[in-house]
Amino acid sequence: MLPITEVVDLLTEGKVVAIPTETVYGLAANALNENAISAIFTLKNRPFFDPLIVHIKDESAAMDYVEYYPALAQKLAKTFWPGPLTLILPKKDVIPDLVTSGLPFVGLRVPDHPLTLQLLKALTFPLAAPSANPFGYVSPTSAQHVKDQFGDSIAYILDGGPCKVGIESTIVMFEDNKLPVILRLGGLSIEKIEECIGKVTLDIAKNSKPNSPGQLDKHYATRTPLKLITEVDVESINLAKTGAIVFNKPFDFIPIENQRILSTNKSLTEATQKLFWAMRDLDACNFELIVTEIFPQEGLGLAINDRLQRARS
Ligand code: TXA
Ligand code: MG
């Protein structure tokens, strides 16, 4: 593994480096360098209308990049950073328009991973980093996932082990005088957010012209068609060529080796951590179909169901 000082050098030269976070791996570059940012969009085949999240070293750094930092946003940040929470706030000019797709708002987050925090503290600039997957595909939760897709096309992959949360950050937007709005469900549950700051509203509707491209209706998708079990006629599918993602108990009509059980003891935290691994693992099995259960509609179960809905074909 390269010493952190050499990773600092690569990023300072404007190179793209994959970084571990607690949620998913990111494809990172200097957020203040437009050439470096362009390279991320090209590598990911990502449309320029889809803004990037800026990763900062600690909560106090937020002030350097936002015009307005309301009390409720500060309260969330002080409670949950480092952690799976992205705040969308009015940006300062120092953040290039390319990062925010021309929007006057920037997404900020302090990731909870010791290597990446060490890196951010050693850098003189913040890191823009989308999830390290080709646009539309399942996000990576290990260094191997990143390697499978980007191989030698990026300068370096900083291996920080498997991601402990396993699903992207929850995105909360703050606009003047409006209730905070959740734009993407993720690794921090709505229940925890509301416990901290009170009522929030939800705007996560699937559509093709989204406020946050995490709302795109087709996203996080496997190449193998994926359907909720309630949508298929079990009699008419080839069960030997069907994979399944289940919470704690396998389906009795699908071969057991085709199934990925996310948490035998019904932990939504464990299920979240394994979700993208299971999707990628089954996608590599050449099945005709992947079927999934609907998870409990509470806590992290809401985020799991959101990703499964968007991965459906
Ligand atoms: O957990 C995460 O958030 C991971 C890790 C690497 O930090 N990052 C991530 O990035 O999921 P990405 O680019 O795959 O998803 C970022 C989402 C996109 O849907 C984007 O539209 C939204 O954040 N976003 C970023 N900046 C925004 C802005 N200014 N306004 C609205 N949405 C924004
Ligand atoms: Mg993504």
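In which loop is Lys-266 found? Select Lys-266: the loop runs between strand 13 (259–261) and helix 7, where helices (H or I, at least four residues) and strands (E, at least two) are DSSP runs numbered from the N terminus. Phi of Lys-266 is near 55°, a positive value in a residue other than glycine.

A word on the model: it is predicted, with pLDDT of at least 70 needed for local features and 80 or more for side-chain atom pairs, while totals for chains, interfaces and linings use all residues. Residues are numbered from 1 along each chain as its sequence is written, chains are lettered from A and ligands numbered from 1 in the order in which they are written, and side-chain values use heavy atoms, leaving out hydrogens and water.

Next, select helix 7 (residues 268–283) and helix 8 (residues 300–311), whose axes (lines fitted to C-alpha atoms over the stretch in contact, with angles from 0 to 180 degrees between N-to-C directions) come within 9 Å and cross at roughly 20°. The two helices are therefore roughly parallel (an angle under 35 degrees). Colour their contact (heavy atoms within 4.5 Å): among its residues are Leu-275 and Phe-276 of helix 7 and Ile-304 and Leu-308 of helix 8.

Finally, go to Pro-82, in the loop between helix 3 (71–80) and strand 4 (85–90). Here the peptide bond from Trp-81 to Pro-82 is cis, with omega near -10°.

Technical notes. Angles under 35 degrees count as roughly parallel, over 145 as roughly antiparallel, 65 to 115 as roughly perpendicular and the rest as oblique.
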